[in-house]
Amino acid sequence: MKAAGAKRISLNLILPVILFMTASFLFLAGMLWNYLSPAAIRLLLLTSGILIFLPAFFMERRRKRQQADFANEICASLDALMDGREPEDYAPYEDSQISKVQGRLLGYYELVQESRRQSEDDKQNIQELVSDISHQVKTPVANLLMFTDILKRHELSAEKRAEFLATMEAQVEKLDFLMQSLIKMSRLEAGTFALHMETGSLHETIAQAVSGVWTKATQKNISIDVQCDSQMTVNHDVKWTAEALFNLLDNAVKYTPEGGNIRVSVRPWQFFTRIDISDTGMGIAAGHYHDVFKRFYRAQEAANTEGVGLGLYLARGIITRQKGYISVKSEIGKGTTFSVFLLN
C-alpha cells in the first residue's frame, strides 16, 4: 500500500511538470515561428506532438494504476474480512471511494455475521426443542408400551383390565395435550399464527378463558371470582388472549389446593389495562420468577402435578406479541398473582 502511494505521488508530480514544459515550449515556438527554417518547423511539430502525447500517456497510466490500486485494496479488505479482521487501511471518516466501498463491505460483513449467529442460535434452539420433546414424550410412550405388553401377555380380571385401560387412556390424553401444546408453541416461535387485533370486550374474553377451567375448579371445590366491568374494552386478539388467560387460570387451578379460591381483577392504567389472576396455591420462590416462564420448566415441588411446563411459556409469548407483558408476585404457602398488561 505504501509503494502504491509513492507511485501515485510521483505521477502527480510528473504530470504538472510535463504540462508546464509543453505549454512553455509551445509558447516559445509561437514566438519564434516566423524565424524558423522548414526543417526546424518539422522538428518543432514533432517535438510538440511528443510533448502533447506524454501527458495523455501518463494520465492513462495513472488511471490504470489507480484502478489496480483500488482493486488491490478491495481484495485486501475482502481477505481481511474473510479472516475475521478489520481492513488495515480502513478510514471510516475519509471521503474517498475506497473508504465508501470498505464501509459498505463492513456493513455487509456485519449482516452476514449476525445472520450466522442467528442461524447458530436457531440451530441450538431446535436441538434443545427436540431434546425436550423427546424427554416429554418418552414417559407416556413407555407407559403405553408397557401396559399394552401386559394386556397382550397376561390374563387379567375385568376390573384390572379396566384399570389398565383407564391408565392408558390417561397417557393418550397426556400425549394429545402435549402435541397440541407443541403445535401452539411451534406456531408461536415460528410466527406463523396471525394476530387479529381489535377493540373488544375484555369481560367476554375473560369469560371465555374461565369457562375452560370451570369444570376442573368445581371438581376441586375452588371458587373463581371475576371483577371486571362488563363495558371495559381493550385492543387485543380475542382468541389468543383467551388462550393466554386460560393457561394462567389452568395453572392456578392445578396448584391451588381443594377449597381454595382464584380471583380475577381488572384495573385500567394510563397506557395499559392490568389483569391480575391471584390464587391461594403453594406459591413460587422469588428466585424462580423467571424460570416459570421457561419452556418445559417444572419446579421440583410440582413434579407430581399434571402438566408439561408449556402453559406459562405460551401465555407470555402470546401477550408479548401483542406488545404487552406479564409479571409475577408470589409468597410461598400463601399464593401467587400473575399480572397481565395489555396496551389500551
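Predicted model: local features only at pLDDT ≥ 70, side-chain atom pairs only at ≥ 80, totals over all residues.
**Group meeting talk: a sheet, its helices and a core**

Where does R263 sit? You'll find it in strand β4. If we skip its neighbours within four places in sequence, R263 is in contact with D225, Q227, D276, I277 and S278. Take I277 from that list: R263 and I277 are 14 residues apart in sequence, yet their C-alpha atoms are 5.8 Å apart in space.

Now let's step back to the sheet. It is an open one, made of 5 strands in the order β2-β4-β5-β7-β6, with mixed pairing. Why is one side of β2 and of β6 left without a neighbour in the sheet? Those two strands, β2 at 223–227 and β6 at 325–331, stand at the edges and have a single partner strand each, so one side of each has no neighbour there. From one strand to the next, the twist averages 15°.

Let's walk through some of the pairs. Strands β5 (residues 272–279) and β7 (residues 335–343) run antiparallel and are joined by 7 bridges. In that pairing, I275 has V340 in β7 as its bridge partner. On to β6 and β7, which also pair in the antiparallel sense, over 7 bridges. Here I326 has V340 as its partner in β7. These two strands make a hairpin with 3 residues between them, and G333 in the turn has a positive phi of about 80°.

In soluble globular proteins, nonpolar side chains tend to be buried together. In this model, the largest nonpolar core has 44 residues, and I206, L248 and I275 touch the most other members. Which element gives the largest share? It is α6, with 7 residues. As for L248, beyond four places in sequence its contacts are I277, L312, A315, I326, F338 and V340. There is also a second, separate core of 6 residues, including F147, L151, F164 and L175.

How values were computed:
Residues numbered from 1 in each chain as written. Heavy atoms only, no water. Pairing = 2+ DSSP bridges. Helix = DSSP H or I, 4+ residues; strand = E, 2+ residues; numbered from the N terminus. Axes fitted to C-alpha atoms, helices over the stretch in contact; angles between N-to-C directions. Core = buried A, V, L, I, M, F, W, Y, C linked by side-chain atoms within 4.5 Å. Buried < 20%, exposed > 50% of the residue type's maximum accessible area, 1.4 Å probe, protein only. Contact = heavy atoms within 4.5 Å.
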